[in-house]
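Me: I have a structure open here and would like to go through parts of it. Could we start with a loop and then turn to the helices?

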Amino acid sequence: MIVTLIVICEVGFWVLLAAGLATRYLLKMPRTGLALLLCEPLLEVLLLVVTAIDLKDGAEPSWRHGLAAVYIGYTVGHGHRTVKWLDGHAAHRLGGGPPPVKPPRYGMARARHEGKVWLGSVTAAAVASGLLLLATWYVGDDGDTDSLQSWIYVAWRAAGIHGLIALSYAIWPKKAPQGEAPELPARDERDQERDRV
């Protein structure tokens, strides 16, 4: 049941995202579209509640419960950036806005960008670990919580691998091809907003 709910939450995430962006830009109803986008976290709350109820009803802690915690952590760590990225593209393609700023491709600017993305993975691992520790405490000594605790290592291992990849951009920064103009650092969002006005 938990795995099915994870799949439903993932499908629901994309359905709500598409509906929110379409309402916001195609139907020209920005507040309604924003309300739909703000419903996204409710899916994770639903998954969290159902997982807790499942454990409370005596289900043996398993990899399914661990996967649910990691999924919620990933959504917390990377969901906002994903929604923001897609919103920028929808604003450009459907709303006539300026093209979204692309991430830098070269040098230390790229390394800083990768570092920011990696912080999302650290956040995801921290949230997943917190949820898994809460679940371990919730189950107590009555159940075998080894499967829950093993997911903490999975979450931090993924964050560590991502960190090594992000660090490689700082150690071996990619250089712009010969003759290509150097990239300017990405501008602050406030500067972009001022340009639109």
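Reply: Thr145 is placed in the loop between α5 and α6, where helices are DSSP runs of H or I with at least four residues, numbered from the N terminus. This is a predicted model in which local features need pLDDT of at least 70, side-chain atom pairs count only at pLDDT 80 or more, and totals for chains, interfaces and linings use all residues. Residues are numbered from 1 along each chain as its sequence is written, and side-chain values use heavy atoms, leaving out hydrogens and water.

Me: Is Thr145 buried or exposed?

Reply: Thr145 counts as buried because its relative accessibility is 10%, and buried means under 20% relative accessible area with a 1.4 Å probe, protein chains only.

Me: What does Thr145 touch?

Reply: Leaving aside residues up to four places away in sequence, Thr145 touches Thr136, Val139 and Gly140 (contact means heavy atoms within 4.5 Å).

Me: On to α4 and α6: which residues meet there?

Reply: From α4, Trp63, His65, Gly66, Leu67 and Val70 meet Ser147, Leu148 and Trp151 of α6.

Me: What is the make-up of that contact?

Reply: The contact of α4 with α6 has five nonpolar residues, three polar and no charged. Here Ala, Val, Leu, Ile, Met, Phe, Trp, Tyr, Cys and Pro count as nonpolar, Asp, Glu, Lys and Arg as charged, and the others, Gly among them, as polar.

Conventions. Helix = DSSP H or I, 4+ residues; strand = E, 2+ residues; numbered from the N terminus. Buried < 20%, exposed > 50% of the residue type's maximum accessible area, 1.4 Å probe, protein only.
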